[in-house]
Amino acid sequence: MKKIILFFALGFIMDNQSHAQIKKIPSAKPGVNYGKEIVATNAISIAKLEKELKGKNVYAGKIQGKVIEVCKKKGCFMTLQRDGDEPIMVRFKDYDFFMPSDIVGKTVIVEGIAKKKEIAVASLQHTAKDLGKTQAEISQITQSKKDISIVADAVLVVK
C-alpha cells in the first residue's frame, strides 16, 4: 500500500513540475521585453553589423532588425531580415525565453553576441524542419555555410 501511495505522490509531483515550467509568452507589442530588460539606445543596424564583422569575428551589443521568421514549434529562435542575403539566425541564451508567433514582421532590438561561423548541414536541416519546411526543401540542404548568428540574452519589440 505504501508503494502505491508513493507512486501516486511521485506522479502528482512530476505532473505539477511539468505544468509549472510552462510559461505564457506575452504578445509582441511595442515595449515588450523578452529575457533581460533592455532599452532601445545604441542599437546598430544589420548592415552596420555586417561591416563590424568584416574586421573581426565577434560583436557584442545591440542590433536592430525586422523579424521575418520564428520557430513554429515553440519560438526557440527567430530570423532577422538582411538585404540581398539569407536572414540572420537569432537564438536565445540558454533557452531562457521564447518568442511568440506574432513577432513576425515586428522591428526588434536584440542584445547579445553576434559571431561569424560555419553552420553544419545537420543544424541547417534541423532549423529548416523547425521552420516548417517540406522534406524536399530540407533534403536540398547538402552543404554547410558560413554565416552570422546571434545569441541574444534580450529582445525588445520597438514597432
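This is a predicted model: local features need pLDDT of at least 70, side-chain atom pairs count only at pLDDT 80 or more; totals for chains, interfaces and linings use all residues.

Me: In what order do the elements of the protein chain run from the N terminus?

Reply: They go α-β-β-α-β-β-β-β-α-α-β.

Me: And how many of the residues count as buried?

Reply: Of the 159 residues in the protein chain, 35% do. As for contacts with a separation of 6 or more, 72% are between residues 24 or more positions apart.

Me: OK, pockets. What volume does the largest pocket have?

Reply: About 740 Å³. Its lining takes in 33 residues, and Met89, Ile119, Leu124, Thr127 and Lys145 lie nearest the centre.

Me: Which element gives the most to that lining?

Reply: Strand 7, with eight residues. Strand 5 (88–92), strand 6 (107–119) and helix 3 each supply at least two, as does strand 7 (145–157).

Me: How do the lining residues divide into nonpolar, polar and charged?

Reply: There are 14 nonpolar, seven polar and twelve charged.

Me: Switching to Asp130: where is it found?

Reply: In helix 3, which covers residues 121–130.

Me: Why does Asp130 count as buried?

Reply: Because its relative accessible area is 5%, and buried means under 20%.

Me: Which residues does Asp130 touch, leaving out those up to four places away in sequence?

Reply: Cys71, Lys72, Lys73 and Phe77. Also, the C-alpha atoms of Asp130 and Lys74 are separated by 9.0 Å, with the two residues 56 apart along the chain.

Conventions
Residues are numbered from 1 along each chain as its sequence is written. Side-chain values use heavy atoms; hydrogens and water are left out. Helices (H or I, at least four residues) and strands (E, at least two) are DSSP runs, numbered from the N terminus. Buried means under 20% relative accessible area, exposed over 50%, partly exposed in between (1.4 Å probe, protein chains only). Contact means heavy atoms within 4.5 Å. On a 1 Å grid over the protein atoms alone, a cavity is a set of points where a 1.4 Å probe fits but cannot get out, and a pocket is an open set with protein on both sides within 12 Å along at least five of seven lines; lining residues have an atom within 4 Å of a point. Grid points are joined across faces, edges and corners, and a volume is the space filled by probe spheres set on the points. Ala, Val, Leu, Ile, Met, Phe, Trp, Tyr, Cys and Pro count as nonpolar, Asp, Glu, Lys and Arg as charged, and the others, Gly among them, as polar.
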